[in-house]
Amino acid sequence: MRVVHLETTESTQDECFRLLEEHTAIAVRADIQTKGRGRHGSWWHSPPGGLWLSVGLTGVDGFACAVAGPVAVCQAMTSYLPFPIMIWPPNDLVHSGRKLGGILVEKRGAKVVTGFGINLYQEVFPPDLNAVSLKQLGGKGFTLEEVTRNIISAFTGLLELPIQETIARYNASLLGQGKSVRVGDIEGTFKGLSPEGFVVGDTIIPVGRFTGMEITE
Ligand code: BTN
């Protein structure tokens, strides 16, 4: 897949949607984003040293992208770290409670853009972010270009698999399963992801309505 590299842009998501007007599959990476966005309209800190990447595809399923995105990062990180990166639902990539990255899936008609924000080389973060970079985790042998290729190839490979297989891989990396949790007004045991959404007790919460989870035990 072609990867367009920009020094600076507001958000690689918007650039990627623009390029999807002329392509069916295209990726955009930027060194800096001036208006990087996270889930639910939050601001995404995007200084130099991180991987700010959007992968645009046409005619793919948004749910499949939301499942494959975090799994692709977990898979890619095994090349650089001796321990696994885990998923905090719905799609934070974490190690020991600190956030290595996050995924944002946006859909406009048949166009689906999956955004990967991964902290690679940063040495300092705003204190409220509780973030960590691959470098700070002791990651070895990585470059921005190589991680980009590795994530895109893991992601597109996962989209070829039956969704049940990708969900099984997602659940294998998912934290919090078996714990008593609260998601909005719903309380119960967290049972992971199913094809219909996250399972909390007897309730299934669609991925788009899953805003965040708190462990109560
Ligand atoms: C989250 O809230 O955890 C998801 C963050 C996703 C950030 C990435 S960086 C590349 C792409 N461009 C954006 O503006 N956001 C996503």
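In which strand is the place of Ser54? Ser54 belongs to strand E3, and in this predicted model strand E3, spanning 50-58, is also one of the elements that give two or more residues to the shell around the ligand.

**Ligand placement and cover**
- The ligand sits in the largest pocket, and the elements that contribute two or more residues to its shell are helix H1 (12-19), strand E3 (50-58), strand E6 (98-108) and strand E7 (111-119).
- Strand E6 supplies the largest share of that shell, namely 4 residues.

**Composition of the shell**
- There are 20 residues around the ligand, of which Ser11, Gln33, Arg37, Arg39 and Lys99 come nearest.
- Sorted by class, the shell holds 10 polar, 6 nonpolar and 4 charged residues.

**Polar atoms facing the ligand**
- An N or O atom in the side chain of Gln33 lies 2.8 Å from a nitrogen atom of the ligand, while a polar backbone atom of Arg37 lies 2.7 Å from a nitrogen atom of the ligand.
- For Arg39, a polar backbone atom is 2.8 Å from an oxygen atom of the ligand.
- Of the 420 Å² of accessible area that the ligand has on its own, the protein covers 98%.

- The side chain of Ser54 is joined to the side chain of Gln13 by a polar contact of 2.6 Å.

Methods
Residues numbered from 1 in each chain as written. Predicted model: local features only at pLDDT ≥ 70, side-chain atom pairs only at ≥ 80, totals over all residues. Heavy atoms only, no water. Near = heavy atom within 4 Å. Polar contact = N/O pair within 3.5 Å; in protein donor to acceptor, adjacent residues only side chain to side chain. Areas by Shrake-Rupley, 256 points an atom, 1.4 Å probe, with all protein chains shown as cover. 1 Å grid on protein atoms, 1.4 Å probe; cavity = no way out; pocket = protein on both sides within 12 Å on 5 of 7 lines; lining within 4 Å. Sits in = over half its atoms within 2 Å of the grid points. Nonpolar A, V, L, I, M, F, W, Y, C, P; charged D, E, K, R; others polar.
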